[in-house]
Amino acid sequence: MNILVTGNYDTGSSAVYDYLREFKGVEVPFNLEGYEHTIFYIQHGLIDLENVLFGDSGYISADAAIRNFLNISENIYKYDFKFYGGYKKYIGQEFLKMTYEFVDSISLKFNARTIGKIHKMRFSLVKGCGQILFAITKNYKIKNWGMAYKADKGPGYVLKARKEEFLEAKKKYIADYLRLCKTDSEITIYDHLLLPMNAEHLKDFPNDSKLILVERDPRDVYTLIRRHVINNP
């Protein structure tokens, strides 16, 4: 069984998480204290990807969203930020494999340059000289002399999956992550694998997944922060 413990800032979800860890038959992934599983709701993560792909933003934003998803996945694979990430150390290349398989299942690669891949222009003397040469020898009309686009390298992506197909791929991606994090105990608990506002995504988790959402009076939270966490509210 997978138990997801979550709550807003300083509501006490970590206390519930630590309390559950005291019971026999309960373990946490990687045997790490204070580790938060931000993989799904991190910026450009799975939830952001779904929102962009099936919003009304179009193919340019879809391409950027998929590339951003791959970039952030590779980033949290390579770097251990101590309370999240570090999958190269904790999981290994299986994490990247499942990520690439997920992207391949929902999209097709292409090599054309799109507006989304262009992020600035620069002056290129080589291009300018080439334009002059073509203007002399081929009667080429020069436009934007010497100006060259600077674009992101690597392939672009176009969405091929319908919403139902994406949801199936999403469920597999989530299940693969839980499988890679699974402990030898009957129950594995996760700290902040979903945020409270992401609770609806629990429907895409395996059936043995449960969510504990910790709530607390906002006045108590304010008092705690004001008196014990920071000096200036």
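Which residues line the largest cavity? In this predicted model, the lining is made up of Phe 40, Leu 46, Ile 47, Lys 170, Ile 174, Leu 194, His 201 and Phe 205.

The largest pocket has a volume of about 210 Å³. It is lined by 13 residues, and those closest to its centre are Leu 70, Asn 71, Glu 74, Pro 155 and Tyr 157. Here the elements that supply two or more lining residues are helix 3 and helix 5. Helix 3 gives the most, with four residues.

Back to Phe 40, this time for its ring. A pair of aromatic rings is described by the distance of the centres and the angle of the planes. The structure holds 18 aromatic pairs. One of them joins Phe 40 to Tyr 173 in an edge-to-face arrangement, at 6.3 Å centre to centre and with 65 degrees between the planes. Phe 40 sits in the loop between strand 2 (26-27) and helix 2 (46-53), while Tyr 173 belongs to helix 7 (residues 163-181), so this pair links distant parts of the chain, 133 residues apart. Both Phe 40 and Tyr 173 are buried.

Tyr 173 also pairs with Phe 102: the ring centres are 4.9 Å apart and the planes meet at 35 degrees, so this pair is tilted. Since Phe 102 lies in helix 5 (residues 94-106) and Tyr 173 in helix 7, the pair ties together parts that are 71 residues apart in sequence. Phe 102, too, is buried. Ring pairs carry on from there, linking Phe 40, Phe 54, Phe 69, Tyr 77, Tyr 87, Phe 95, Phe 102, Phe 166, Tyr 173, Tyr 177 and Phe 205 into a cluster. Phe 54, a member of that cluster, has Lys 163 over its face, at 5.2 Å from the ring centre.

The largest nonpolar core has 43 residues, of which Ile 39, Tyr 87, Phe 95, Phe 102 and Tyr 177 touch the most other members. Helix 2, helix 3 (59-78), helix 5 and helix 7 each supply at least two residues of this core. What does Tyr 87 contact, leaving aside its neighbours within four places in sequence? The list runs to Phe 30, Tyr 35, Ile 39, Ile 76, Tyr 77, Gly 92, Phe 95 and Tyr 177. A second, separate core has nine residues, among them Ile 3, Val 5, Tyr 17 and Val 214.

Two backbone details round out the picture. Most residues other than glycine have a negative phi. Phe 30, one of the contacts of Tyr 87, has a positive phi of about 65 degrees although it is not a glycine. Phe 30 is placed in the loop between strand 2 and helix 2. Asp 10, likewise not a glycine, has a positive phi of about 60 degrees. Asp 10 is found in the loop between strand 1 (2-7) and helix 1 (13-21). With a relative accessibility of 22%, Asp 10 counts as partly exposed, because buried means under 20%.

Notes:
Residues are numbered from 1 along each chain as its sequence is written. This is a predicted model: local features need pLDDT of at least 70, side-chain atom pairs count only at pLDDT 80 or more; totals for chains, interfaces and linings use all residues. Side-chain values use heavy atoms; hydrogens and water are left out. Rings of Phe, Tyr and Trp (its six-membered ring) pair if their centres lie within 6.5 Å; planes under 30 degrees apart count as stacked, over 60 as edge-to-face and the rest as tilted. Buried means under 20% relative accessible area, exposed over 50%, partly exposed in between (1.4 Å probe, protein chains only). A charge sits over a ring if NZ of Lys or CZ of Arg is within 6 Å of the ring centre and within 35 degrees of the ring normal. A nonpolar core is a set of buried Ala, Val, Leu, Ile, Met, Phe, Trp, Tyr and Cys residues joined through side-chain atoms within 4.5 Å. Contact means heavy atoms within 4.5 Å. On a 1 Å grid over the protein atoms alone, a cavity is a set of points where a 1.4 Å probe fits but cannot get out, and a pocket is an open set with protein on both sides within 12 Å along at least five of seven lines; lining residues have an atom within 4 Å of a point. Grid points are joined across faces, edges and corners, and a volume is the space filled by probe spheres set on the points.
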